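Thank you all for coming; I would like to walk you through one protein model this morning. Please keep the picture in view while I speak.

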Amino acid sequence: MKKILIADDHYIVRTGLITLIKEESMQVEIDECRDGNDTWQKVQANEYDLLILDISMPYTDSFTLLKNIFALRPDQKVLILTMNSEDVYAKKYLKLGVKGFINKEEPPSEISKAIANIMDNRKYLSAKMRDTLTREALEGKTENPFENLSIRELEIMNHLIDGKNVSDIATLLSVHISTISTHKANIMQKLGVTNIIELSKMVHMF
């Protein structure tokens with residue numbers, strides 16, 4: 001029997017996904033976890049056919065978590081299911097090696113499609129993301145300012161708009177405060193904003 005791991009800190013989301021999967025008559029064993037530490041422990045102890053992962057959970061530096069997962073299990077199939085903006089985050093996570101990225105606000109039928117595609121060894125891209133990638137390939141450029149950020153800068157930006165301060169982020173990522181301060185300044189400069197309020201507004205515009 002195939003195995004799926006659902007990693008999300010909201011009980012109602014995990015329960016809803018389990019119901020959705022069972023309604024699709026998928027014969028699978030499902031494990032659950034609610035933070036990054038638990039996710040990493042379960043991936044180390046078990047082999048999963050699919051990991052459904054939220055990128056905003058307690059104790060989670062999602063980029064580092066995914067890098068560790070892919071280092072341990074290079075063929076691990078991962079679907080990102082999140083409230084974070086597809087336009088801002090999807091391409092970075094796809095480059096890391098995830099097989100799909102979908103927003104929690106998508107209808108259940110689309111989430112089922114994403115799960116089925118990846119379980120069937122195919123990638124999942126929303127219609128909007130396919131159009132974006134096609135346009136950028138034809139034009140040879142992107143109008144998305146967030147493409148100028150590194151993966152680490154994008155991770156730090158995510159923590160900043162979640163309300164964490166420089167000290168909080170430094171502790172979470174196990175780096176010096178000055179390193180986070182430098183990244184923060186670079187993020188602001190690259191995006192042309194001067195404070196977190198402007199940064200949050202810019203992210204939510206996409």
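What you see is a predicted model, in which local features need a pLDDT of at least 70 and side-chain atom pairs count only at pLDDT 80 or more, while totals for chains, interfaces and linings use all residues. Residues are numbered from 1 along each chain as its sequence is written, and side-chain values use heavy atoms, with hydrogens and water left out.

The pLDDT is the predictor's confidence in each residue, on a scale from 0 to 100. Its mean for the protein is 90, and 99% of the residues reach 70 or more. When I name an element, I mean a DSSP run, numbered from the N terminus: at least four residues of H or I for a helix, and at least two of E for a strand.

Let us turn to the sheet, which is open and has five strands in the order β2-β1-β3-β4-β5, with parallel pairing; two strands pair if DSSP finds at least two bridges between them. The edge strands, each pairing on one side only, are β2 (28-33) and β5 (100-103), and the twist averages 20° from one strand to the next. Strand β1 (residues 2-7) runs parallel to β3 and is joined to it by four bridges, and Ile-6 has Ile-52 in β3 as its bridge partner. Helix α2 (residues 36-45) packs on this sheet, touching β1, β2 and β3, and its direction makes about 145° with that of β2. Here, contact means heavy atoms within 4.5 Å, and axes are lines fitted to C-alpha atoms, for helices over the stretch in contact, with angles from 0 to 180 degrees between N-to-C directions.

How do the helices α1 and α5 pack? Helix α1 (residues 11-23) and helix α5 (residues 108-119) pack at an angle of about 75°, with their axes 10 Å apart. They are therefore roughly perpendicular to each other, a term that covers 65 to 115 degrees, whereas under 35 counts as roughly parallel, over 145 as roughly antiparallel and the rest as oblique. From α1, Leu-17, Leu-20 and Ile-21 meet Pro-108, Ile-111, Ser-112 and Ile-115 of α5.

A second pair is helix α7 (residues 151-161) with helix α10 (residues 196-205), whose axes come within 10 Å and cross at roughly 110°. That makes α7 roughly perpendicular to α10. Met-157, Leu-160 and Ile-161 in α7 meet a group in α10 that includes Leu-199 and Val-203.

Is Lys-91 buried or exposed? Lys-91, found in helix α4 (residues 86-96), counts as buried because its relative accessibility is 14%, where buried means under 20% relative accessible area, exposed over 50% and partly exposed in between, with a 1.4 Å probe and protein chains only. Leaving aside neighbours within four places in sequence, Lys-91 is in contact with Met-129, Leu-133, Glu-136 and Glu-147.

Finally, most residues other than glycine have a negative phi. Asn-121, in the loop between α5 and α6, has a positive phi near 65° and is exposed, at 65% relative accessible area. Ser-174, in the loop between α8 (166-173) and α9 (177-191), has a positive phi near 60°.
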